[in-house]
Amino acid sequence: MSELLRVKDLVVRYGTMTAVDGLSMSIEPGEVLALVGESGCGKSSTARAVVGMERPAAGDVHFRDLPVPPLGLRRREKRFTAIQMVFQDPNSSLNPRKRVGDQIADGVRAARERNIESEEPGHWLESVGLEASMASRYPHQFSGGQRQRLAIARALAAKPDLIVADEPISALDASSQASVAAMMRRLCLDAGAGMLFISHDLSVVRLMADRVMVMYQGSVVESGATSQVWSDPVHPYTRALLAAIPHPDGRGVLPAAPAAESPQEWSSHVPEALNRHAAPGR
Amino acid sequence: MSTVLSLTDLAVELGPKTARRQVVRGVTLDLVAGQIQGLAGESGSGKTVTAMAVLGLLPGSATVSGSVRMGTTELTTLRKRELNRVRGRRIAMIFQDPSASLHPQLSIGAQLTDHVRHHLGMKRKEARGRAAELLDRVKVPDPESALNRYPHQFSGGQRQRIAIAMALACEPEVLLADEPTTALDVTVQAGILHLLRDLVDERNLAVLLVTHDLGVMSAVADDVAVMRHGRLVESGARRQMFTDPQHPYTRQLLEAMPDAQESEIL
Amino acid sequence: MSAQVSRMSRAADARVSRRSKRRLPAAWRSPLALVGIVIAGAWFLAAILAPWIAPYDPLAQGLPRLTPPGEYSVLGTDVLGRDALSRLLHGARVTIPLAGVLVVCAMVLGTIIGAVAGYIGGWVDEVLGRLTDLFMAFPTVILAMVIAAALGPSLYNAVLAGIVVTWPMYARVTRSLVMSLRSQNFVIASRLLGYSPWRSMGTDILPNVMGPVLVLASLEVGTAILLLTGLSFLGLGAQPPTAEWGSMISGAMQNIDAWWLGVFPGLAILTVVMAFNFIGDSLRDVLDPLSSAERQGAGSAVGPTTVNADEGDPSAAVPSEPTEQEAPR
């Protein structure tokens, strides 16, 4: 099957600041691509440009070979409701004045408008680990983690082909992060959808992404199969990023700290760090 | 090993009259000089409230019972003015958001020297020298010129370093650190953790480190206590807590870490 | 802005929990709110029942002239021998409903303009924003006087003038609320699900704007009453012989010794305006629990936005638990 999403030479600017500087990527159905980087690296801007929330200054974003239109004043064309997004802040992801079942039903309706059958809201609530009877509640009656599950249920109810998840777990308690991430991957793959997963946390990405792109200052510095990038990072920035993760092993080992706050070498171009293939397997 | 600060049976009640809740219930902890006592727990476990209660930073409506003792001084019953003398002078605190301890419209130099002069009664020139020394110690590059700059001109990591310098200005015996690296990028976090550890060793500080991040906890804490629903469920030496946790909740927390899940999906 | 919105969502939360608990929230039980409701209620009753409880026809001139209170009538008589009490009661029938009409019309007009400007943005916002500024640049009362004078003195023109000078306030509030809501995740999520802008406006935006706008409107009822009676006082509103408070005071000016002719309509205006302000204040506290909580030095954390900044008990998220935060930031 052809690519779901193809982004070519994407540039996103805010005023004179260039947030994303010539990024290209593609996602296939059933594939999870993670975009990893620290604050301000342009990963969220990329996500926003992919769904049409941000108008690219240059480059293009194609979904199933059709350019993704900006989310303007016009109603979104039906075929593009196959792109759904999950946001970082679960507290602002749901309409506070609307029952959660009705909000998930919006997703179901979006699927049916594309002539795709979707289950009732109760089913979707159960699929994200909540109870069908919770449909009549309002968002404030749920915890942050539950709200994020609700937002995921709403996105999935639309039977999307592509899910863009912008730091979907970083606002959650540590104990639920890994499980929500795993759940997202499972549900996404079960539905045969592709996912663009934005995160600052390589240790979570390692658990759920097939491929990873490491961004630094608007550009991709390293990319390839997750296992390869994780076990054998090539670019100095990726190395620093991995070395800085503290491990909860009780050994009292301080993570390696970079000598300076943003050393020159991090922005260096290392061609062999790009498009790294996995060792036999994937 | 000397205990600098002891919490005994500390309990805190908060909330309006109609919905009063016990947020901290019977917490007993000792902070030892030269050691970092970690306090772990998820949001809502009461760990931040515990730290706040030590410094008397809770809203007036809060009821604190139990004891917070520093040497011979009982902090929970101190009057406001006496408590102010303890705050900053003997106990200092840093927060998740370093801006909380920095005035946005005063230069770093002005804030640091004010602080030093107020608490230690130094002369202006002397204080400025000390401020520059402090910034140098927390590895803020070019300390002399940094004194003339304002908080917004620094990155988040540098701001946290400055907040630490401010906290250490009066050579406190105890440092309370509430999620000091949570808002920072990992590469920046690593630097702050190094700094924290070095300072503790070098100044014989007793630190209470409040964090939800078990990775951070494992990297710097000497002892770890785990809180849930306002209670300590388990506490002990770091290695033992991570390798042989006794309480099911601690085990559950550890198992939820991405590190524990060796690539189960891929 | 985002603080405003999260505050609004908290307001919405408060409303929902009120519904589920079927109990009056604390703010409604405050003495001021009670006083406001009682006074306003009394005036509503007076307005409704005036034809039956007023001792005389407000326009009938049969009584002895300028008698002080207590002689022929409870509140005395005026220079034409009309009963002041009857006129006062009938005055409530004029001013209060018209103030209501004024506020509702201004609110609807202002909300529509503000919502359009805030949602569409760009040049539309620019044009509507300038228009709003233009109206707000003039002192309210003077602009209302000019408009009422130009349209010709009548009570209805006074209401019209009142609408023209007060809609910009609603437009401004609505515009800023809509602008911040428009970029909220849940609004974007609905748009990604194929909501048309109209639908998005109707289900995502307006319901979340209405709370603060209604509070503003309730606070504006008092101002509207002052404006209408003021214009009538100046002869630009109600015309004699209509029993209207403003024009009654104006008439009393000619007989300054007959103090009762001015004092009682004045007290009527005072109490009604005060009552509506009390109600508006309490309404704000109900719809916006944060502002009252902040005043008491405690926070409210229904919606913590930063990671782990919240130390609120997890049970706060459990259905119908009160949601107070435990740690001040």
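Mentor: The account below begins with the conventions, turns to chain C, and ends with chains A and B.

This is a predicted model, in which local features need pLDDT of at least 70 and side-chain atom pairs count only at pLDDT 80 or more, while totals for chains, interfaces and linings use all residues. Residues are numbered from 1 along each chain as its sequence is written, chains are lettered from A and ligands numbered from 1 in the order in which they are written, and side-chain values use heavy atoms, with hydrogens and water left out.

The secondary structure of chain C consists of 11 helices and zero strands; helices (H or I, at least four residues) and strands (E, at least two) are DSSP runs, numbered from the N terminus. Of its 329 residues, 53% count as buried, where buried means under 20% relative accessible area, exposed over 50%, and partly exposed in between (1.4 Å probe, protein chains only). Among the contacts in chain C with a separation of 6 or more, 69% join residues 24 or more positions apart; contact means heavy atoms within 4.5 Å. Chain C exposes about 14,500 Å², and carbon and sulfur atoms supply 68% of this area, as computed by the Shrake-Rupley method with a 1.4 Å probe, only the protein chains shown counting as cover for residues.

Ser232(C) lies in helix α8 (residues 197-233) of chain C and is buried, with a relative accessible area of 1%. Its side chain reaches the backbone nitrogen of Ala238(C) at 3.1 Å and makes a polar contact with the side chain of Glu244(C) at 3.4 Å. A polar contact is a pair of N or O atoms within 3.5 Å; within protein, one must be able to donate a hydrogen and the other to accept it, and residues adjacent in sequence count only if both atoms are side-chain atoms. Leaving aside residues up to four places away in sequence, Ser232(C) touches Leu155(C), Gly237(C), Ala238(C), Glu244(C), Gly246(C) and Ser247(C).

Two salt bridges of chain C may be set side by side; the term requires a side-chain nitrogen of Lys or Arg within 4 Å of a carboxyl oxygen of Asp or Glu. Asp125(C) and Arg175(C) meet in one at 2.5 Å, N to O. Asp125(C) lies in helix α4 (residues 122-137) and Arg175(C) in helix α6 (residues 155-182) of chain C, so the pair ties together parts that are 50 residues apart in sequence. Asp125(C) counts as buried at 10% relative accessibility, whereas Arg175(C) is partly exposed at 28%. Arg284(C) and Asp281(C) form the other, with their closest N and O atoms 2.8 Å apart; both residues lie in helix α10 (residues 259-287) of chain C, three residues apart, about one turn of the helix.

Turning to chains A and B, their contact takes 34 residues from chain A and 38 residues from chain B. Together they bury about 3,100 Å², 57% of it on carbon and sulfur atoms; buried area is the accessible area (1.4 Å probe) that two parts lose on being put together, summed over both. Across this interface the rule finds zero salt bridges, but 10 residue pairs are in polar contact, both at pLDDT 80 or more.
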